[in-house]
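User: Please take a close look at the salt bridges of this model and describe the residues that take part in them.

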Amino acid sequence: MKILVRNPLIVTMNENNDVIEKGAIAIDGNRINYVGPMEWTPAGPFDRTIEADRTIAMPGMINGHCHSPANLVRGMMPSKPLEIWRAYYRASLRDMREGDFYASALLGGMEMLKNGATTVLDHFFGNQACRFMGAGAAIQAMRDLGLRHIVALTLSDKNYEETMPLGDSAKQFSDEIRRMSASEAKPTQAWLEDCEAFIDTLHAPEKLTTACPGPSAVQRCTDELLRKSAEMARRRNLPMHIHLAETKTQAVMGREIYGTSLLKHLDAVGVLDSNLSLAHSIWIDDDDVELFARRDATAVHNPASNLRIGSGLAKVKEFLAAGINVGLGTDGSASNDGQNMFDAVRLAALIHNQAGTDFNQ
Ligand SMILES: [Zn+2]
């Protein structure tokens, strides 16, 4: 089917950031074969013409970090620090099964498509009662929507209480946290075998699916799990995704555990590489910025989630000045209350103005 889109304002996002005021887009089957000024539109005939004046056409956005199971609890989680917020969110996953993961991914995916995102990275953690924690159902939902997806299966072989200072104020939670950890515990090798099987079963770029490892966070994984996950991704030519230094507590605990920053530890175990994207990357040292840039890794900034649960503000201006690749994400709907990438764009464009008054930046 040949389609002509007439007269949209086209935001090309090309190297010169050209904007075409009266543009045209010609589509033949599943290929876009012309984007440019209206007057150079290739000759028809077209099966369908869409009059698109007073609309904007632009490349689809990429949501670089979210958790699809969170869409069913949108608006229900408290704005508490991540370490406490997490207990509420994880409890909500306990009763979810494949049908719920399908519905949750479908809801979030629809919202993304409606708001201009055509690709998403889903850092998936579901319920261990399901095969691959239910990730297959989320993948099916995104295939059904025609939403391109990278699903990074969350891996974590350390108990949560080993990574968190559970002081007196958390005593009332500590039994519950230990109980949750015990119910999720699995040996390192079992996590790795699961992830290999997940990729063997579900990785299918022709069906819009990239399946890859997604270690939860540096401090939530043994060095062996981090190293072997990275080896798996490299061997299969896949990306890898991880959370990095989302809260100050994590950064302080990381230094206590490793004697250095979380990023430097990741580098020391040979994981920091150009195929790795790191969600948040907020609480990092000044000399970490240079290391981050040198390894050509990607930081994924999630401004709405960071504000919603008060995690902090990534040094995005410094990242960009250092040449670090910076992506944007919504994070899950449990810490954002939506999956709208225009929100992420708007917040990212606004909140960093408060860090200085250099308007050339
Ligand atoms: Zn996250």
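Analyst: Glu290 is partly exposed at 43% relative accessibility, where partly exposed lies between buried (under 20% relative accessible area) and exposed (over 50%), with a 1.4 Å probe and protein chains only. The model is predicted: local features need pLDDT of at least 70, side-chain atom pairs count only at pLDDT 80 or more, and totals for chains, interfaces and linings use all residues. Residues are numbered from 1 along each chain as its sequence is written, and side-chain values use heavy atoms, leaving out hydrogens and water.

Glu290 forms a salt bridge with Arg294 (2.8 Å, N to O), that is, a side-chain nitrogen of Lys or Arg within 4 Å of a carboxyl oxygen of Asp or Glu. Both residues lie in helix H9, four residues apart, about one turn of the helix; helices (H or I, at least four residues) and strands (E, at least two) are DSSP runs numbered from the N terminus. Arg294 is partly exposed as well, at 48%.

A second salt bridge joins Asp285 to Arg255 at 2.6 Å, N to O. This pair links distant parts of the chain, 30 residues apart: Asp285 sits in the loop between strand E13 (276–280) and helix H9 (286–294), and Arg255 in helix H7 (residues 248–258). Asp285 has a relative accessible area of 27%, and Arg255 reaches 40%, so each counts as partly exposed.

Lys186 pairs with Asp194 in a further salt bridge, their closest N and O atoms being 2.8 Å apart. Lys186 is partly exposed at 22%, and Asp194 is partly exposed at 29%. By this rule, the count comes to 16 salt bridges.
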